[in-house]
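This briefing reviews a single protein chain by topic. Please consult the sequence and the structure shown below alongside the text.

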Amino acid sequence: SPPQGYYTRRGGIGESGDFVTSPEISQVFGELIGIWYISEWIATGRPKAFQVVELGPGRGTLIDDILRVFNQLASLLSKCDISIHLVEVSPKLSEIQALMLTGGKVQSNPEDKSAYMKGVSKTGIPIFWYRDVQDVPPGYSFYLAHEFFDALPIHKFQRTEKGWREVLVDIDPEVPDQLRFVLSPSGTPATENFIQPEETRDHVEVCPEAGVIIQRLACRIEKDGGAALVADYGHDGTKTDTFRGFRNHKLHDVLRAPGTADLTADVDFSYLRKMTQGRTAALGPIKQREFLKNMGIDLRLQVLLQNSRDTATHEQLLHSYDMLMNPKKMGDCFNFFALLPHHRLVHPDKKHKPESKSPLPPVAGFGELLLK
């Protein structure tokens with residue numbers, strides 16, 4: 001909502017906001033994602049160009065860390081044409097991103113109908129801003145969605161003796177200016193369209209917009225190559241009621257003071273997998289701590305600790321590592337999920353021995369995979 005929406009008014013990421021994200025906690029998080037993209041680029045034969053497309057880039061911290069890795073590995077990437085494409089609807093956040101990534105040197109882009117703003121990163125890489133992923137030009141692309149899908153709107157459904165009913169928001173007749181949840185008196189178009197016939201849970205959250213976006217990414221990857229990496233709170237089709245609000249880093253009643261708190265619901269990765277409709281291979285979800293361990297976070301931490309000159313930096317590094325990796329903190333709450341073209345997972349021997357059960361070439365972060 002342009003006048004009243006949370007992300008257009010507040011968008012409170014960071015210590016002083018309503019929630020904190022992994023890239024804000026440690027630079028290592030973004031560095032390892034940057035390395036993941038480079039390893040996929042190498043595994044697919046080092047194409048001459050790639051785009052990094054981030055959905056909902058927050059303050060730009062994550063893409064900034066990725067750009068630093070690209071810069072450190074400039075000799076490896078020297079013959080590759082790289083560009084950054086940010087999908088951001090919030091004018092406030094796009095200004096913050098522009099300041100962080102370009103030092104504020106951006107120009108609005110009225111002659112180009114798709115990108116509304118463009119600039120050049122501090123390391124000389126072109127950056128473009130869009131309101132919709134459909135506006136991003138086609139081409140070999142690496143997509144990134146970190147804490148993006150959990151912020152999209154959901155439908156909630158409850159199984160009753162009379163069949164599925166949608167959970168709706170109503171005005172409480174007994175308390176002025178108060179909202180309440182109610183069940184729809186009968187089925188709604190959403191109950192007809194969004195509940196899978198094989199559903200066994202009694203309470204279900206469905207995010208149709210996430211399904212549409214995943215379909216678009218899968219179509220693009222199938223056609224142009226590349227990969228998508230999704231990192232988010234989530235589950236594999238097992239959880240029920242996860243809709244909640246955060247304000248000033250504390251849980252907040254989702255119906256109180258609309259537009260002032262961050263609203264979130266866990267991502268259903270089984271739904272995302274289903275919505276790819278087999279156009280791409282889907283890996284995961286695996287726990288954040290497993291992905292980061294597979295990507296070499298322990299080694300990177302040791303290097304940073306050896307290079308840190310003072311106790312405060314040393315303690316900060318250990319604290320941020322614990323936040324990312326501790327199962328009770330972010331280590332088990334967050335999951336990584338990837339979309340890759342099917343040909344990326346075809347074993348070189350498969351042409352001759354299609355029945356062989358040998359492991360596939362490993363995909364960085366996800367370890368060795370056996371084709372199911």
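Residues are called buried under 20% relative accessible area, exposed over 50% and partly exposed in between, with a 1.4 Å probe and protein chains only. The model is predicted, so local features need pLDDT of at least 70 and side-chain atom pairs count only at pLDDT 80 or more, while totals for chains, interfaces and linings use all residues. Residues are numbered from 1 along each chain as its sequence is written, and side-chain values use heavy atoms, with hydrogens and water left out.

**Domains and their contact**

- The protein is divided into domain 1 (6-154 + 207-344) and domain 2 (155-206); the bounds come from an automatic or database domain assignment.
- The contact between them takes 18 residues from domain 1 and 13 residues from domain 2, where contact means heavy atoms within 4.5 Å.
- Taken over C-alpha atoms, the centres of domain 1 and domain 2 are separated by 31 Å.
- About 1,400 Å² is buried between domain 1 and domain 2, and carbon and sulfur atoms give 59% of this area; buried area is the accessible area (1.4 Å probe) that two parts lose on being put together, summed over both.
- Ile 154, Thr 240 and Leu 255 supply 41% of the area that domain 1 buries against domain 2, more than any other three residues.

- Four strands form an open sheet in the order 9-8-7-10, with antiparallel pairing. Strand 9 (179-183) and strand 10 (203-206) each have a single partner strand and stand at the edges, so one side of each is left without a neighbour in the sheet.
- Neighbouring strands of this sheet are turned by 30° against each other on average, direction ignored. Axes are lines fitted to C-alpha atoms, for helices over the stretch in contact, and angles run from 0 to 180 degrees between N-to-C directions.
- Strands (E, at least two residues) and helices (H or I, at least four residues) are DSSP runs, numbered from the N terminus; two strands pair if DSSP finds at least two bridges between them.
- Five bridges join strand 7 (residues 155-160) and strand 8 (residues 163-171) in the antiparallel sense.
- Lys 156 lies in strand 7, and its bridge partner in strand 8 is Val 167.
- Lys 156 is buried, with a relative accessible area of 8%.
- The side chain of Lys 156 makes a polar contact with the side chain of Glu 205 at 3.0 Å. A polar contact is a pair of N or O atoms within 3.5 Å; within protein, one must be able to donate a hydrogen and the other to accept it, and residues adjacent in sequence count only if both atoms are side-chain atoms.
- Leaving aside neighbours within four places in sequence, the contacts of Lys 156 include Arg 165, His 203, Asp 241 and Phe 243.

- Strand 12 (residues 244-247) pairs with strand 13 over three bridges in the antiparallel sense. Gly 245 stands opposite His 252 in strand 13, and Arg 247 has Lys 250 of strand 13 as bridge partner.
- Strand 12 also pairs with strand 14 in the antiparallel sense, over three bridges; the bridge partner of Phe 246 in strand 14 is Asp 262.
- The hairpin of strand 12 and strand 13 has two residues between the strands, and Asn 248 in this hairpin takes a positive phi near 50°.

**Backbone features in loops and strands**

- Ala 257 has a positive phi of about 45° although it is not a glycine. Ala 257 is placed in the loop between strand 13 (250-252) and strand 14 (262-264) and, at 38% relative accessibility, counts as partly exposed.
- Arg 46, likewise not a glycine, has a positive phi of about 50°. Arg 46 is found in the loop between helix 3 (27-43) and strand 1 (49-55) and is partly exposed, with a relative accessible area of 44%.
- Gly 284 and Pro 285 are joined by a cis peptide bond, with omega about 10°; Pro 285 belongs to strand 16 (residues 281-287).

**Thr 61**

- Thr 61 is in helix 4 (residues 61-72) and is buried, with a relative accessible area of 12%.
- Thr 61 and Thr 21 lie 40 residues apart in sequence and 9.7 Å apart in space, C-alpha to C-alpha.
- Beyond its neighbours within four places in sequence, Thr 61 is in contact with Pro 23, Glu 24 and Met 100.
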